[in-house]
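Subject: Structure handover

Hello,

Here is the structure for your files. My notes on it follow below.

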Amino acid sequence: EQHFWSDYCDNYLEFVKPILFKPEQYSTELVAATRATLAHVTFRMLQLFAPCMPFITEHIYQEMFASFGIATSLHRTTFVAVQKRFVFEEALPVMALFGQVVDVVRKLKSEHNVSLKTALTSCVIVCSKEQEVLLESVMPIIAPLIGAVTVEYVRASAGTSELTKSNEAWYATIVLA
């Protein structure tokens, strides 16, 4: 249950919203992969919750997945028959940084009572060259997610993350460990 609310809802669903709601801004491959991953994870969540909440999970399964012909009922599905192991070791450090950037921006906006939808005119990320390379690979997803119009990277040995406002424009500085 904690994974569902804290990770799946608060993070995974939030991470994919820009891709799902504005698919024209992304490659068709990324949109298709996002939809497939979301369907797979949602299906697994339903299976995990089914023993505790059989009626609502069955209803959701019938509405979202029954037409795919997996089984006539969620309660007749199995993990072994449809489970495929996905391992992307190289994605772990990228996603850790991805999550860190998003978490810091959310925290800064929350601390300043700024809507999460408020655009950032500029977001400066203080990080190493290695972190920059990793973040650049997912920046087309991160920038719209945090609402950053521009993103730049700088090298610095110290500092703190902060959110500032100047002439009705918001600016963020994110310091990565």
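This is a predicted model: local features need pLDDT of at least 70, side-chain atom pairs count only at pLDDT 80 or more; totals for chains, interfaces and linings use all residues.

Residues are numbered from 1 along each chain as its sequence is written, and side-chain values use heavy atoms, with hydrogens and water left out.

Helices (H or I, at least four residues) and strands (E, at least two) are DSSP runs, numbered from the N terminus. Asparagine 113 sits in the loop between helix 5 (91-111) and strand 1. Most residues other than glycine have a negative phi. Asparagine 113 counts as exposed because its relative accessibility is 74%. In these notes buried means under 20% relative accessible area, exposed means over 50%, and partly exposed lies in between (1.4 Å probe, protein chains only).

Helix 5 has 21 residues, which should span 30 Å at 1.5 Å a residue, and its end C-alpha atoms are 30 Å apart, in agreement. The expected span of a helix is 1.5 Å times one less than its number of residues. The buried residues of helix 5 are Val94, Leu97, Phe98, Gly99, Val101, Val102, Val104, Val105, Leu108 and Lys109. The elements that cover them include helix 1, strand 1, helix 6 (129-136), helix 7, strand 3 and strand 4. Contact here means heavy atoms within 4.5 Å.

**Strands**

Two strands pair if DSSP finds at least two bridges between them. Strand 1 (residues 120-126) is mostly covered, with 6 of its 7 residues buried. Strand 1 runs parallel to strand 2 (residues 148-154), and 6 bridges join the two. Valine 126 has valine 154 as its bridge partner in strand 2. Strand 1 also pairs with strand 4 (residues 169-175), in the parallel sense, over 5 bridges. There, valine 124 stands opposite threonine 173.

Threonine 173, in strand 4, counts as partly exposed because its relative accessibility is 22%. Not counting residues up to four places away in sequence, threonine 173 touches Leu108, Val124, Val126, Thr160, Ser161 and Glu162. Leu108 is also among the buried residues of helix 5. From threonine 173 to asparagine 113 is 60 residues in sequence and 17 Å in space, C-alpha to C-alpha.

Glutamate 168 also has a positive phi in a residue other than glycine, near 65°. Glutamate 168 lies in the loop between strand 3 (162-166) and strand 4. Its relative accessibility is 66%, so glutamate 168 counts as exposed.

In helix 2, the buried residues include Val31, Thr34, Thr42, Phe43, Arg44, Met45, Leu46, Gln47 and Phe49.

Threonine 57 belongs to helix 3 (residues 54-64). Threonine 57 is buried, with a relative accessible area of 2%. Leaving aside neighbours within four places in sequence, threonine 57 is in contact with Leu46, Phe49, Ala50, Leu74 and His75.

**Pockets**

The search used a 1 Å grid over the protein atoms alone: a pocket is an open set of points where a 1.4 Å probe fits, with protein on both sides within 12 Å along at least five of seven lines, and lining residues have an atom within 4 Å of a point. Grid points are joined across faces, edges and corners, and a volume is the space filled by probe spheres set on the points. For residue classes, Ala, Val, Leu, Ile, Met, Phe, Trp, Tyr, Cys and Pro count as nonpolar, Asp, Glu, Lys and Arg as charged, and the others, Gly among them, as polar.

- The largest pocket holds about 1,400 Å³ of space. Its lining has 32 residues, and Tyr12, Thr37, Val41, Phe88 and Met95 lie nearest its centre. Helix 2 gives the most to this lining, with 11 residues. By class, the lining has 23 nonpolar, 6 polar and 3 charged residues.
- The second largest pocket holds about 490 Å³ of space. Its lining has 16 residues, and Glu14, Leu116, Lys117, Pro144 and Leu145 lie nearest its centre. Helix 1, helix 5 and helix 7 each supply at least two residues of this lining. By class, the lining has 8 nonpolar, 2 polar and 6 charged residues.

Regards
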